[in-house]
Amino acid sequence: MAKSTSKNWVCPFCSRPQTVTDGQEFRRTEYLSLREHKYGEAGVSVAALACANPECREITLTVYFTKGEGTWDTYRAKEVVASYPLRPESTAKSQPSYIPQAIRDDYYEACRVRDLSPKSSATLARRCLQGMIRDFCSIAMSRLIDELDELSRRVTAGNAPAGVTPEAVDAIDHVRSIGNIGAHMEKDVNVIVDIDPGEAQVLIELIELLFEEWYVARESRRQRLAKVTAIGVQKAQQLAVAKAATNYGKLAAPAANPVLIPPAASLRNPVIRAPSPSLTIGVVVRTAQGRPS
Ligand SMILES: [Zn+2]
């Protein structure tokens, strides 16, 4: 059955916020007709959402396992016991292509294995952050701890890239120590420090924050400056055209009574309505020679 809703939703594929309208969402619930289990009455629902962004149009699919009331033809879900994202398969946010592929891949994988293996997720998060320090901050050493020390020195000296703050460096240092547990746990099998999915998620959120503060902020700064530059170039061109038009007016004025269309337009489309063909030729030759403006 198609469900009528008007809820706000952010597409996990393109990150475009939107209001879900009729026909954009589909949900079907099935009663689980089983003789004995601990959930009372249970059902399973599949929910599909189609993205309205014309450049995306992706379908997001989630399966919900529910407890509820009623039986096979009257079942109504009351409580979600568990939800399973089918598509996309994790809560990873889609990241722009100006972030290097290897860094994005580590991030996506850290999100994908978060619930299955939080330790692996933390290890991937650590590697992702190391990749960001190497790429964004141009610091490459053999150990992350040395890279962080160097980054910290640069932040203090004021020559770290824009957007890199002392708070970020501290936060990455915490990830480094947590990520080490995942990376080197085989060294001492008797010391088991568990990382739960919630903790792995905190690391993932730090990566998302730094994607925003570092890469996205740098790109939007670059685009804003490019816009300013484009306006500057456009204005300089307009000024040159206006100056040329003024000179053209001065040149044309002494001609023996030609009827001219306005100077600015005539430069782009120099149609000169002159009383005789000889006068037209005279004016065109003088214009083509030009004069310093
Ligand atoms: Zn989308």
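Here are a few friendly notes on the structure above, point by point.

1. A word on the model first. This is a predicted model, in which local features need pLDDT of at least 70, side-chain atom pairs count only at pLDDT 80 or more, and totals for chains, interfaces and linings use all residues. Residues are numbered from 1 along each chain as its sequence is written.

2. Cys11 deserves a look. You will find Cys11 in the loop between β1 (8–10) and β2 (17–19). Cys11 counts as buried because 21 other C-beta atoms lie within 10 Å; the cut-offs are 20 or more such atoms for buried, 12 or fewer for exposed, and partly exposed in between, with C-beta atoms placed from the backbone. Beyond four places in sequence, its contacts (C-beta atoms, placed from the backbone, within 7 Å) include Cys51, Cys56 and Glu58. The C-alpha atoms of Cys11 and Glu58 are 8.3 Å apart, although 47 residues separate them along the chain.

3. Next, helix α1 (helices are DSSP runs of H or I, at least four residues). Residues 101–112 form this helix of 12 residues, which reaches 16 Å from first C-alpha to last, close to the 16 Å expected at 1.5 Å a residue; the expected span is 1.5 Å times one less than the number of residues. Ile103, Asp106, Tyr107, Ala110 and Cys111 are its buried residues. They cover an arc of only 135° around the axis, so they sit on the same side of α1; the arc is that of the directions from the helix axis to the C-beta atoms. On the other side, Gln101 and Ala102 are exposed.

4. Finally, the largest nonpolar core has 31 residues, and among those with the most contacts inside it are Ala125 and Leu203. Such a core is a set of buried Ala, Val, Leu, Ile, Met, Phe, Trp, Tyr and Cys residues joined through C-beta atoms within 7 Å. Leu203 touches Ala122, Ala125, Val175 and Ile178, leaving out residues up to four places away in sequence. Ile178 belongs to helix α4 and is buried, because it has 21 C-beta neighbours inside 10 Å.

Note on methods. Helix = DSSP H or I, 4+ residues; strand = E, 2+ residues; numbered from the N terminus. Contact = placed C-beta atoms within 7 Å.
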